[in-house]
Amino acid sequence: MLEISGLAASVEGTPILRGIDLVVPSGEVHAIMGPNGSGKSTLSYVLAGREDYTVTAGSVRFDGADLLAMEPEMRAAAGVFLAFQAPVELPGVNNANFLRTALNAIRRARGEPELDAVQFLKLARAQSKALAMPEDMLKRNVNVGFSGGEKKRNEVLQMALLRPRLAILDETDSGLDIDALRIVADGVNALRRPEFSALVITHHQRLLERLVPDRVHVLAGGRILRSGGPELARELETRGYGAITAAAA
Amino acid sequence: MPAVAETLETVESLARSGYKFGFETTIDMDVAPKGLTEDTIRLISARKGEPAWLLDWRFAAFAAWRKMEEPRWARVHHTPIDYQDIHYYAAPKAKAGPASLDEVDPELLATYEKLGIPLKERAILAGVQGANVAVDAVFDSVSVATTFRATLAKSGVIFCPISEAVREHPDLVRQYLGTVVPVADNFFSALNSAVFTDGSFVYIPPGVRCPMELSTYFRINARNTGQFERTLIIADAGAQVSYLEGCTAPQRDENQLHAAVVELIALDDAKIKYSTVQNWYPGDAEGRGGIYNFVTKRGLCRGARSRISWTQVETGSAITWKYPSCVLEGDGSVGEFYSVAMTNHMQQADTGTKMIHIGRDTRSTIVSKGISAGKSDNTYRGLVRIGPRASGARNHTQCDSLLIGDRCGAHTVPYIESRNPSAKVEHEATTSKISEDQMFYCRARGLSQEDAVGLIVNGFCKEVLKELPMEFAVEAQKLLAVSLEGSVG
């Protein structure tokens with residue numbers, strides 16, 4: 001369970017988050033929507049532990065532990081996964097090798113035995129197939145020369161392999177065609193279980209049609225202005241953010 | 001705190017704790033007095049039981065050296081070296097040379113055991129340890145053991161200490177010694193020619209493919225001692241050999257000099273692959289101590305269609321000054337240079353290659369990967385020279401630099417000289433940094449900072465590492481990760 005209270009953060013001295021209160025209970029999927037520049041990506045980076053984002057107030061607890069005190073890799077080991085909006089290229093680093101190194105680092109931290117190359121490849125191939133990814137993506141260098149859609153699918157593959165307890169998807173649906181969108185939604189749905197929760201940042205209602213959230217929150221100006229059920233997403237789709245941000249002003 | 005500042009603090013706070021080979025072996029040594037005179041040379045020559053011609057050869061080199069000055073063109077800085085304050089000969093007290101491995105001082109065997117270099121053939125043959133590699137172990141000024149000589153002799157391969165080759169195979173040595181690197185080639189080669197003590201000699205007869213990897217492991221142990229080894233490898237027509245070289249030294253506050261000369265000769269259709277993993281003690285985080293590594297390595301593709309390939313992974317030494325080169329004399333001969341040079345803390349490396357195209361249709365490939373971290377300086381310096389007869393010559397150079405932090409330097413100094421209009425010379429160079437985005441991406445997937453940098457650096461070097469023989473490639477990968485400890489963020 002994720003509990004965010006009074007969270008404020010700034011980037012290079014500019015305040016972006018201005019007091020966020022949000023609770024995501026285990027087993028739930030919450031969506032965060034909001035206009036550009038509202039702080040959605042900042043929130044995801046702060047939760048994953050990016051260093052140039054300074055937390056100025058508030059706290060974040062993940063299963064009772066102080067998430068903000070943890071290094072990024074400790075958060076990953078604790079089960080936090082961020083699907084990047086812009087996945088990073090690692091030239092010369094084989095994707096399968098990267099994924100195995102990551103999976104084994106996390107398995108080590110959890111006290112589980114590491115997977116050898118054969119065991120890992122079997123698992124990774126099965127997952128790639130389930131996500132309709134071409135098998136050669138495992139052999140290529142991490143995100144190098146990947147199309148936008150391939151990069152996003154590679155994030156979903158990583159998520160499927162690492163099996164996080166909290167997945168943060170930062171606009172993973174942006175720039176995807178309808179088939180790729182279905183893959184992303186199905187990828188998250190496949191992970192749904194009582195001890196899994198997700199924070200899905202999106203601009204679009206269409207992802208939420210397949211990935212039905214338990215709650216929807218509207219983030220604007222660094223604050224959560226409104227929260228509601230899945231119907232809130234549909235309302236935003238027809239009425240836009242204007243009505244909500246105006247009402248809050 | 002911004003990540004960059006934190007990185008730099010981490011780099012500074014960490015001494016080079018990763019150097020695992022800094023121990024010293026306590027053993028009775030026979031050491032020449034400090035200083036370099038004709039008497040020193042006489043002493044070395046006498047200890048080795050050398051013939052008169054070689055002593056004269058040494059004297060000629062010494063005379064040339066006295067007229068020469070240290071080269072100043074490299075981008076390296078150091079306090080002046082006092083050549084009279086060095087021991088030029090240090091050897092473990094023992095018989096002239098052990099007749100068999102059973103006679104090797106157990107203390108020495110233990111030292112190589114600790115370094116991961118097995119010298120016990122029987123254990124290796126029984127499959128107990130290590131790969132099937134023949135090893136010549138050079139401890140300070142002498143070779144202490146050479147394994148698998150009997151096995152190699154069956155195929156006519158000669159693999160022995162060069163001091164022994166001088167006695168046992170004088171014609172071969174005399175025919176080739178100094179033909180690739182003339183005594184007065186440069187300051188350090190002249191010094192080496194005057195005082196060289198040991199090193200390996202390899203001769204592969206015509207048409208023979210050497211049945212196992214050959215390897216020399218150099219260890220500097222004695223204090224205030226220079227190591228001046230000399231290696232001579234000859235691949236006769238149609239012969240093939242793969243040779244590996246490894247080096248370590250104890251951790252000490254003072255600098256020590258290492259000035260080696262390596263000569264390779266490939267006759268018609270012969271192939272020589274020479275791989276180095278250089279891990280001399282690099283000095284501490286403040287730049288105290290470490291080896292000054294001034295090395296001349298050159299291969300002569302004398303025969304048609306011959307091929308010489310240099311692969312080096314340079315992670316050690318306070319200063320590295322080294323340009324393994326190929327002289328492509330035979331028509332259709334091929335020269336290759338694959339290099340990873342990594343510097344951290346206060347290390348300085350000025351390294352690269354020379355590809356001298358003389359024959360027709362000669363080809364050369366240069367792939368250089370420089371990684372700088374801490375406050376280190378890393379220079380690639382390379383010459384591609386196409387002579388007037390070298391019609392159809394081709395060169396491709398790829399030169400990449402990776403910077404970690406913002407207080408290190410990477411420099412690329414290519415020299416291209418072409419005297420033949422049909423030649424094709426290509427040079428590509430890139431400089432990049434490990435970005436914070438890359439670090440964060442890896443860490444968000446559960447990788448520690450060290451693992452992340454190791455992964456990125458190994459990816460950066462992949463093209464070169466895949467040229468190393470299997471056993472070495474794995475070692476080299478680990479070494480790169482260890483040498484970068486604490487350099488990241």
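Me: Does Cys461(B) count as buried or exposed?

Reply: Buried means under 20% relative accessible area, exposed over 50%, partly exposed in between (1.4 Å probe, protein chains only). Cys461(B) has 0% relative accessibility, so it is buried. Bear in mind that this is a predicted model, where local features need pLDDT of at least 70, side-chain atom pairs count only at pLDDT 80 or more, and totals for chains, interfaces and linings use all residues. Residues are numbered from 1 along each chain as written, chains are lettered from A in the order written, and side-chain values use heavy atoms, without hydrogens and water.

Me: How many disulfides are there over all chains?

Reply: A disulfide is a covalent bond between the sulfur atoms of two cysteines. With the cut-off for a pair set at sulfur atoms within 2.5 Å, the count over all chains is zero.

Me: On to chain A: what is the strand order in the open sheet?

Reply: Strands are DSSP runs (E, at least two residues), numbered from the N terminus, and two of them pair if DSSP finds at least two bridges between them. Here six strands run β6-β7-β8-β3-β9-β10 in chain A, with mixed pairing. The edge strands, β6 (80–83) and β10 (223–228) of chain A, each pair on one side only.

Me: How do β9 and β10 of chain A pair?

Reply: They are antiparallel, over five bridges. Ala220(A) has Arg223(A) in β10(A) as its bridge partner.

Notes:
Helix = DSSP H or I, 4+ residues; strand = E, 2+ residues; numbered from the N terminus.
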